Amino acid sequence: MKSPICDMLGIEFPLLAFSHCRDVVAAVSRAGGFGVLGATSHTPESIEQELKWIDDHVDGKPYGLDVLIPENISTAGEKNVTWKSLEARISSEHRAFTRNLLKKYGIELTTTNVADNQPQPFDAQCALEVLDASFRHPIRLIANALGVPPKAMIDMGKQHGVPVAALVGAKEHALRQVAAGVDVLVVQGTEAGGHCGEVSTMVLVPEVIKAIKPIRDVPVLAAGGIMTGRQMAACMAMGAAGVWTGSVWLSRRASCVRSGPMPGIADPTAPVRCRCRCRASSAATPSTRSIAPQHQVMRRRATSSAILSAKGSA
Ligand SMILES: Cc1cc2nc3c(=O)[nH]c(=O)nc-3n(C[C@H](O)[C@H](O)[C@H](O)COP(=O)(O)O)c2cc1C
């Protein structure tokens, strides 16, 4: 299962694992894949600690970092926006609506205490500072979700000789990313946890590959609903250079999600939903009720056990 992405990243097989847990990142990289640490809610100080830990546990194998810099955000242009100042903008009607929605689907409402000066999630300047601090470590890929990465991020990648990846959920997104100069596209179908589009993986991956081919040779990683070696092989048969996985790792033994909430996740309900999805069997409809109904059939058919053996099973 060699592909151009293996040479680009210095890995044995083209399986990328997005996780907020450093343990998962190190375990996947040690096994010959490529772990990518979700760094959305880190500060330059906390990322320093996480990457030092990874360096100590990754046996010199390559790994990457993912940030979330939205191209469009309602607070664009505002300075010093904090969690607390955002909280103050939420109306009581909206709070009641959300509380009722969670209750309706049996999701426990949990709250997190944050410092008064905690910057808003997805703060571009903060993410760039985290990236800057990360380059003190041997990271081999930087990735961004929610739009074209800012020029400063693409320039940072070039300056350090590190490829820049971007998540896309539509052909139009992909074309814009290629024009902006990204090196790897993560083509993420709507089945994905934290998806960014409406099109399914099976449809989107070949559509993007065909659309970008005449423009530039950018390797495509398929994402969304991929849990087994068979699914990985199918994506590569469609022309993908490898796969980028997320939800499957939430139920792994190494994942910190198993033992409680994890600090790196902006949406505290996300891991709970995803764990249900990974563990769901064909008989487990009630436990999957909290996700969009159109995804349930795909999820129920997926098993989470085989991905680590993707190397041999495809
Ligand atoms: C709990 C959770 C949180 C996520 N957070 C991010 C994130 O912060 N940044 C990002 O680029 N992608 C994020 N993703 C999306 C993953 O990078 C990946 O594209 C997706 O999980 C792939 O689909 P799958 O979950 O079906 O494997 C998240 C996914 C999950 C499940």
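How do the axes of helix α3 and α6 cross, and within what distance do they come? The axes of helix α3 (residues 44–57) and α6 come within 9 Å and cross at roughly 35°. The legends below describe a predicted model, in which local features need pLDDT of at least 70, side-chain atom pairs count only at pLDDT 80 or more, and totals for chains, interfaces and linings use all residues. Residues are numbered from 1 along each chain as its sequence is written.

**View 1. The crossing of helices α3 and α6.** The crossing of α3 and α6 is right-handed (the near helix is turned clockwise from the far one by less than a right angle). From α3, P44, I47, E48 and L51 make the contact with E129, V130, A133 and S134 of α6 (C-beta atoms, placed from the backbone, within 7 Å). By class, five nonpolar, one polar and two charged residues form this contact; Ala, Val, Leu, Ile, Met, Phe, Trp, Tyr, Cys and Pro count as nonpolar, Asp, Glu, Lys and Arg as charged, and the others, Gly among them, as polar. Axes are lines fitted to C-alpha atoms, for helices over the stretch in contact, and angles run from 0 to 180 degrees between N-to-C directions.

View 2. Eight strands close into a barrel with parallel pairing, in the order β1-β2-β3-β4-β5-β6-β7-β8. From one strand to the next, the twist averages 25°. Strand β2 (residues 34–38) pairs with β3 in the parallel sense over four bridges (pairing requires at least two DSSP bridges). V36 has G64 in β3 as its bridge partner. Helix α6 (residues 124–134) lies across β3 and β4 (142–145) and runs at about 170° to β3. Helices (H or I, at least four residues) and strands (E, at least two) are DSSP runs, numbered from the N terminus.

**View 3. The crossing of helices α8 and α9.** Helix α8 (residues 171–180) and helix α9 (residues 201–212) have axes that come within 9 Å and cross at roughly 40°. That makes α8 oblique to α9, as angles under 35 degrees count as roughly parallel, over 145 as roughly antiparallel, 65 to 115 as roughly perpendicular and the rest as oblique. K171, A174, L175 and V178 in α8 meet E207, V208, A211 and I212 in α9. This contact of α8 with α9 has six nonpolar, no polar and two charged residues.

**View 4. The shell around the ligand.** A145, A192, G193, G246 and S247 come nearest among the 25 residues around the ligand (C-beta atom, placed from the backbone, within 6 Å). Helix α11 gives the largest share of the shell, three residues.

Key: Contact = placed C-beta atoms within 7 Å.
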